[in-house]
Each structure stands twice: as C-alpha cells, then as structure tokens.
Amino acid sequence: MTADAGRPDGASPEPVADSVEAGGGAHRRRVWWPAALAAAVALALGVPALVASGSSASGSSTLSVPADDSPEAGFARDMATHHQQAVDLSFVVRDRTSDEPTRTLAFDIINTQANQRGMMMGWLDQWGLSQHAPAAPMVWMKMGHEYQAHDGSLMPGMATNTQIAKLRTLSGRDAEVFYLQLMIEHHKGGVEMAQGYVDMAKNESEKRLAQSMVIAQSSELELMTDMLKERGAAPGVPAS
C-alpha cells in the first residue's frame with residue numbers, strides 16, 4: 001500500500017488483499033467487505049429513493065423533503081461529522097505504523113466511512129438543506145440530555161484534540177494500540193447513534209444505511225478488541 005492510498009485527493013489506492021493474517025495466522029478476516037457493503041448500499045438506495053415517500057392511489061410516488069430539524073437531517077449531519085474524524089484518525093495511524101493488519105483496518109475505515117459520508121452530504125444537498133445546523137449535535141435523538149462537547153469531542157465516542165495530538169506522536173505498536181482504543185470508543189458512539197436513528201427513522205432508505213452501519217461497526221468492534229488482545233492491551237482509552 002502506498003503512502004497516498006485511500007486519500008480523498010484522487011490518488012489511486014493499491015488493491016487490498018482478500019484476507020489478512022493477524023497474530024501469526026490465528027485470526028483471518030476478509031478486508032474488503034465493509035467498503036463493498038457501502039458501495040452496494042449506495043447503489044441500492046440512490047438519492048431519488050431518499051426523497052420519495054408515500055404513494056398515491058394510482059401508485060405513483062410523491063416527494064417529501066425532511067424538515068431541517070428532522071431526525072433524517074440531524075442523523076445525516078452528525079454521522080457525517082462523526083465519520084470524518086474516523087477517517088482522519090485512520091490516516092494518522094496508517095502513516096505511523098508498518099503493521100499490515102492495522103494499516104488494512106485503517107484503509108477499510110477510510111474507504112467505507114468516506115463513502116458513506118459522501119452519501120449523507122449528497123442527501124442533504126438533494127434535500128436543499130445546509131450541511132451544518134445551529135442546533136447542538138444529536139438533539140434530534142431526544143435523549144433528554146446533551147453531550148458536553150469538550151476539546152474537539154463533539155459527540156459520544158469522538159476523540160479529543162489532545163488525544164489526536166498524542167496519536168500523532170506515537171509509532172509502531174504504541175500507535176496501533178492507542179488507535180484501536182480510540183477507534184473502539186468511536187465505533188461504540190457511532191453504533192449508538194446509528195441505532196438511535198434506526199429506532200425513529202421515517203425514511204426507509206436512510207434507515208437501511210444506518211442498519212448497515214450498526215452491523216459493520218459492531219463486527220469491527222470485535223475485530224479491534226481481538227487486535228488489542230494480540231498486542232497485550234485492552235479496550236479503554238488511558239487518561240491523558
């Protein structure tokens with residue numbers, strides 16, 4: 001894999017192998033399926049499907065655009081922000097270690113989440129809605145309390161600026177372990193948000209995308225926990 005693989009600047013990534021050995025062959029996984037899943041979802045959903053809802057007596061669809069403060073708009077905005085940090089963290093660790101399982105995981109996350117982020121930004125544009133809103137993140141979930149943003153961490157699971165700066169100073173196994181610990185928390189927050197949208201969704205197409213996020217990120221949580229164990233570490237971000 002080259003240093004420019006997966007970057008959003010148009011550089012062509014190297015092909016990803018069908019499988020990766022970790023821990024001396026004790027663990028094997030297919031590395032292409034999350035990105036392939038995202039691509040398949042994009043083709044299956046399509047932007048027109050996202051704005052079509054309901055039907056007339058003749059069977060023709062009517063167009064319905066989500067309100068600016070709807071769960072549909074809120075989820076698209078907030079998950080796009082959440083995804084962007086996962087992409088950023090993955091680019092950092094990819095350049096801080098030569099470990100192929102870690103680099104392949106990072107490449108997977110870059111491809112999948114950048115793809116999904118682009119879809120969500122496209123939906124907002126199609127709906128004629130701003131990609132940013134004055135409302136606090138995740139208020140659309142109606143949890144009864146707001147997450148206290150701090151040091152760049154805007155939503156549950158997001159790393160702080162201090163933690164990201166620390167990751168940039170590490171290399172080798174230390175970078176791998178800290179990245180996995182940060183990304184486990186990040187995925188937990190992402191799964192909670194995606195499931196929260198699934199539970200209140202009115203748009204079936206966006207709901208299916210959120211469900212695919214829950215499935216894919218839950219699988220990656222298991223993988224990352226195993227990868228930490230192989231490195232003699234455990235989940236949980238150490239106090240700075």
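The structure holds eight salt bridges, a salt bridge being a side-chain nitrogen of Lys or Arg within 4 Å of a carboxyl oxygen of Asp or Glu. The model is predicted, so that local features need pLDDT of at least 70 and side-chain atom pairs count only at pLDDT 80 or more, while totals for chains, interfaces and linings use all residues. Residues are numbered from 1 along each chain as its sequence is written, and side-chain values use heavy atoms, with hydrogens and water left out.

**Exercise 1.** Determine the partner of R77 in a salt bridge and the burial of both residues.

*Solution.* Step 1: R77 pairs with D68, and their closest N and O atoms are 2.5 Å apart. Step 2: apply the classes of relative accessible area, namely buried under 20%, exposed over 50% and partly exposed in between (1.4 Å probe, protein chains only). Step 3: R77, at 7%, is buried, whereas D68, at 41%, is partly exposed.

**Exercise 2.** Locate D99 and R231 in the chain and identify the network to which they belong.

*Solution.* Step 1: a salt bridge joins D99 and R231, with an N to O distance of 2.7 Å. Step 2: D99 lies in the loop between α3 (71-94) and α4 (100-127), and R231 in the segment after α7 (204-230); the pair, 132 residues apart, thus links distant parts of the chain. Helices (H or I, at least four residues) and strands (E, at least two) are DSSP runs, numbered from the N terminus. Step 3: D99 and R231 are both buried. Step 4: a network of salt bridges links D99, E176, E230 and R231.

**Exercise 3.** Describe the salt bridge between R103 and E100 and the span of the helix that holds them.

*Solution.* Step 1: the N to O distance between R103 and E100 is 3.8 Å. Step 2: both residues lie in α4, three residues apart, about one turn of the helix. Step 3: R103 is buried at 11% relative accessibility, and E100 is partly exposed at 40%. Step 5: just after α4, G128 has a positive phi of about 75°.

Note on methods. Expected span 1.5 Å × (residues − 1).
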